[in-house]
Amino acid sequence: MAEGEPLEMPFLRNIGLIVTYRCQVACPHCIIEAGPHRREEMQLHDALAWIDQIAAYRGGHIKVLSLTGGEPFYDVARLKVIADTGAARGLLVSAVTNAFWATSQPEAERVLRRVSAIRMIALSTDTYHQQSIPFARVRNAIAAAQALDIAYNVAVCTEREDDPAYRAVLAQLHEIVHPDLVNTAITFPVGRAAERIGLDRYQTSETPPIAACSAGSAPIIFPDGRVIACIGPVIDLRHEHPLCYGNLREKTLAEILDAAEVNPILHTIRVWGPRKLISLLQEAGRNDLLPERYIQDSVCHACYSLMANPDTVAWLDELAADRAYREKVAYARLYYLQETRMLELMAEREGLQLQVSRGPS
Ligand code: SF4
């Protein structure tokens, strides 16, 4: 995505729940290190209470509830309760799955009918998943979704887009789904992938990627109550950073999301990409806070590299405290993304005098 180009996903219209860390398989690229050995899952009473808060936020501002994990279909009865509650609260419910349950098309249709509140599924398949889950399962799940009129897409991970094995998976997929329904993501060398996939597998560059972030609009809630800006590699960090919004055991969802609306670091990444922060650090003579190399075309790796360094985070915190910078970002959101909420909240809380004819410099 080019700098300044409007994003497709509006801010805070979609929120995710990590319903479980359990999964039938332990893929080498899994950033949350899900697997059969994991026992942690979102408590049902937490999930239902948080869905109530999601549905109530700003009178129904959030439209989509994305259920992910781990493997949400690990426990279909539990998934049904969570999905039914989301749908009953007026949310469009989607789920991410590896399709392990789609042993045949009739069986896949049976499972999807059980969780009929789920109206969209995102199927994960790639060379990692296919080590344990045959491609036929994905084919069965797609056929079942088509038969039941459930929207679907397919997510594929790879370390590099010129990898022949990745190209082979794409070719398989293109035989059964339109290429527009297949989304590729670069595998991040964090979580389990940090141990199992070496950085030498990637194309790297001294230059950061130019694109803006396209996925920082949809926060994700963890079983322990943490709310993080996205399901990107920053979820692997354990220290405080600007993309870690807060914890639902300490604050309400409304407090956490309203603070996210005025988070200048997050919105810099959404409007201009991490490259903007990197150039501000360079202008300030702080090259010592920057990584030496970036994974080619991976906006998330550049973002992660900034957040992973506590000294860089301290510098970003100072930047976030600068009222003039916050104002600039708020106007940039209006100018590039047609988003007014940050300006409105700054006017309400900080006495900002709105100048609607002014664009960002
Ligand atoms: S660029 Fe950063 S905020 Fe955006 S999706 Fe990637 S890790 Fe998340």
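**Notebook: helix packing, strands and ligand shell**

I began with two helices: H8 (residues 264-271) and H12 (residues 323-337) pack at an angle of about 35 degrees, and their axes lie 10 Å apart. I noted that the crossing of H8 and H12 is left-handed. The model I am reading is predicted.

Next I looked up which residues make this contact. From H8 I listed Pro264, His267, Thr268 and Val271; they meet Tyr325, Arg326, Val329, Ala332, Arg333, Tyr336 and Leu337 in H12. By class, I found 7 nonpolar, 2 polar and 2 charged residues in the contact of H8 with H12.

I then turned to the strands. Strand S4 (residues 118-124) pairs with strand S5 (residues 151-158) in the parallel sense, over 5 bridges. For one bridge I looked up the partner of Ile121, and found Tyr152 in S5.

On to strand S6 (residues 182-186), which pairs with S5 in the parallel sense over 5 bridges. Here I found Ala155 opposite Asn183 in S6. The unit made by S5, helix H5 (residues 164-174) and S6 is a right-handed β-α-β unit.

Last, the ligand. Which residues come nearest to the ligand? Of the 14 residues around it, I noted Cys213, Cys230, Gly232, Cys300 and Cys303 as the nearest. Helix H10 (residues 299-307) gives the most to this shell, with 4 residues. I sorted the shell by class and got 12 nonpolar residues, 2 polar ones and no charged ones.

Definitions and conventions. Residues are numbered from 1 along each chain as its sequence is written. This is a predicted model: local features need pLDDT of at least 70, side-chain atom pairs count only at pLDDT 80 or more; totals for chains, interfaces and linings use all residues. A residue is near a molecule or strand if its C-beta atom, placed from the backbone, lies within 6 Å of it. Ala, Val, Leu, Ile, Met, Phe, Trp, Tyr, Cys and Pro count as nonpolar, Asp, Glu, Lys and Arg as charged, and the others, Gly among them, as polar. Two strands pair if DSSP finds at least two bridges between them. A crossover is right-handed if, with the strands pointing away from the viewer, the path from the first strand over the helix to the second runs clockwise. Axes are lines fitted to C-alpha atoms, for helices over the stretch in contact, and angles run from 0 to 180 degrees between N-to-C directions. A crossing is left-handed if the near helix is turned anticlockwise from the far one by less than a right angle, and right-handed if clockwise. Two residues are in contact if their C-beta atoms, placed from the backbone, lie within 7 Å.
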